[in-house]
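Hi,

Here is the structure I said I'd pass along. Have a look at it first, and then read on for what turned up.

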Amino acid sequence: MSIESAATIIEPLRAPLRGAATVPGDKSISHRAVLFAAMAEGISKLTGVLDSEDVRSSIAAVRQLGARAELEPQPDKSLAGVVEGWGAKGPSQPEGPIDCGNSGTTARLLMGVLAPWDVRVELTGDESLVKRPMRRITAPLMKMGVRFQPEGRETLPLVVCGTRNLHPLVYDAPMASAQLKTAVLLAGVYAHGTTTVNEPAPSRNHTELMLPEFGVDTTAADRTASVAGPAALKACKVQVPGDPSSAAFLACAAALKPGSSVQIENVSLNPARIGFTRTLERMGACVNLRRTGSAGKEPYGTVSVDYTPNLRGCEVPADKIASIVDEIPVLSLVAAHARGVTVFREVGELRVKETDRLEAVVEGMSSLGVDAWVEGNDLFIEGQPDLVVPDAASFDSKGDHRLAMTWALVGLTGDSSVSVANFDSVKISYPQFLSDIERLAR
């Protein structure tokens, strides 16, 4: 690897990927552990927390709001320590705006965290985050009594004007979004009555699994979740398992690199998060899951993947997209090597991620000489089983960590080096991605 004018040159791996690996702590669970502990009464002990720029945005935010968060780097590159929450007294009025960096999770969940309190807090973020849609969160919270300034604004920066007189809400969400669901449920913890969120398709359920650990009764079923308020969070211990979205990149690399066989250990096996393994299976990949334990109500275990020479295209229906929304870029790369056409149905949500991932995937496939196109909100990729990466192919991550790792895999699993602009964005979710994958190939 070398750096040349902001582009990172990724060289092919010299050997197959073999052996066992772990991945950093789950990003979604890490955010929630930090934020819920800050809301709670008492001192929570957190282990396995992801040390990334996104999670550090949440840690910095709760400190600004009056929580004591002492989380220190560990030998395994995770964060561990304690968070003393503000409990019944509520968050402090911060002196200035809270900068959420690139983290949509931090910004959107904070809106629900702040909703029940008499505070006025400005939320802002980096150049990418201030373009991302926030109305999906502000709309239901306004129905509960929260105000946002300036009125009618649909992006950050926004001032959250909370209230102690929140109304309970039954909300039919227009899209499957764990961030939307979580923000409304967190506000509902303090409302007088039952707050329910109904979804058109299942989304990640980490909030429903974690709130009971903090002493809040939560009802969860397929496509619906509710909390009865007012309630109070109480400190607890949270162990964060490995992130399936990060594991997906090692898994896909193993499926593509001849001779590979890897075992990714201590990964969350939450059914709402391992859709990528089912998609790989549909493509004919050799994938095996083995549960080895649980962290609270979150199951974890080992994901094993072997090189698969005869991948085939498949169709991923709309109701499965929420479980693979962050993995579609790397699954698209696998599809590029498969025989036939792969279709991802109803993936319009990719247009409003850290960048327009839908456009970026089509652009990247073009650089590979692979036909990819969009019809409505459906993504089509016509694979090439004997795909040869063009010499000196170049890609731009556009500052998006998932794209940076996806395009890096083109070089790592192929026969030619590639250049990836803005590769440094991997720090958002998986800072040691390159060293982990290179270690498996020794």
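Predicted model: local features only at pLDDT ≥ 70, side-chain atom pairs only at ≥ 80, totals over all residues.

The protein splits into domain 1, made up of 8-24 + 241-441, and domain 2, which covers 27-239.

How much area is buried between domain 1 and domain 2? It comes to about 2300 Å², with carbon and sulfur atoms giving 50% of it. On the domain 1 side, the residues that lose the most area to domain 2 are R273, K297 and I428, and together they make up 24% of what that side buries. In terms of contacts, 27 residues of domain 1 meet 27 residues of domain 2.

Now for the polar side of things. Ten residue pairs are in polar contact between the two domains, counting pairs with both residues at pLDDT 80 or more. Which elements give two or more residues to the side of domain 1 that touches domain 2? Those are β18 (298-306) and α11 (401-413). Sorted by class, that side of domain 1 holds twelve charged, nine nonpolar and six polar residues.

As for salt bridges, two are found across the interface of domain 1 and domain 2.

Cheers

Notes:
Residues numbered from 1 in each chain as written. Heavy atoms only, no water. Domains from an automatic or database assignment. Contact = heavy atoms within 4.5 Å. Buried area = accessible area lost by both parts, 1.4 Å probe. Salt bridge = Lys/Arg side-chain N within 4 Å of Asp/Glu carboxyl O. Polar contact = N/O pair within 3.5 Å; in protein donor to acceptor, adjacent residues only side chain to side chain. Helix = DSSP H or I, 4+ residues; strand = E, 2+ residues; numbered from the N terminus. Nonpolar A, V, L, I, M, F, W, Y, C, P; charged D, E, K, R; others polar.
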